[in-house]
Amino acid sequence: MNVLFTAGTQFIFPRMARVIEAVADARPSWTLVYQAGPGAEGDALPHRVGVRVHPLFPVKEFKAIFEAAELVVTHAGMGNIITCLEASKSAIIMPRLVQCSEHRNDHQIATAESVNKIYNVPYFFDHQALIDAIVNYEPTKTMSSDMWENISAERSKFSENLNALVKKL
């Protein structure tokens, strides 16, 4: 199985690296790719042979990795989440936490909770629960047409509201 892990571009994310190490140990035949973000080094990187790690892959290469991935494990960044939803890509979210010095505030908790509520994308704070979800993952789900229609409708509504707000300003 191909799994893409993405950490975003701000701050290091050592918890994600520990998850990748545990998945690599549990599933040594899987292909694991980690876009660790700029500045990731030392404990912010997984230390397992066979895990492909890069701070930021070039766009074309990232797209190919994303397409090949059967599962994407991502921080709660909207870019990655929207990309997964639009591509009907299975995803699991691991929000960055302030208490772990992974972000400036805990907005990723609210993001993960909202995305879970609307799109049923699972999220985990606890790294062992996340590891269990990944190693026991079965690639069977794709997004239904109803889900795609909901995304399109919400985008249209958001655009309308944003345009109305801009006109008021």
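What share of the 169 residues in the protein is buried? Buried residues make up 41%, where buried means under 20% relative accessible area, exposed over 50% and partly exposed in between (1.4 Å probe, protein chains only).

The model is predicted, so local features need pLDDT of at least 70 and side-chain atom pairs pLDDT 80 or more, while totals for chains, interfaces and linings use all residues. Residues are numbered from 1 along each chain as its sequence is written, and side-chain values use heavy atoms, without hydrogens and water.

Start with the whole chain in cartoon view. Six helices and five strands are present, in the order β-α-β-β-α-β-α-β-α-α-α from the N terminus; helices (H or I, at least four residues) and strands (E, at least two) are DSSP runs, numbered from the N terminus. The C-alpha trace spans about 55 × 35 × 30 Å along its principal axes.

Next, select Thr6. Thr6 sits in strand β1 (residues 2–6) and is buried, at 1% relative accessibility. Apart from residues up to four places away in sequence, Thr6 touches Met16, Tyr34, Gln35, Phe62, Val73, Thr74, His75 and Asn80; contact means heavy atoms within 4.5 Å.

Then select the cysteines Cys84 and Cys100. Cys84 is buried at 3% relative accessible area, whereas Cys100 is partly exposed at 33%. The whole structure has zero disulfides (a pair of cysteine sulfur atoms within 2.5 Å).

Finish at Leu165, in helix α6 (residues 145–168). Leu165 has a relative accessible area of 46% and therefore counts as partly exposed.
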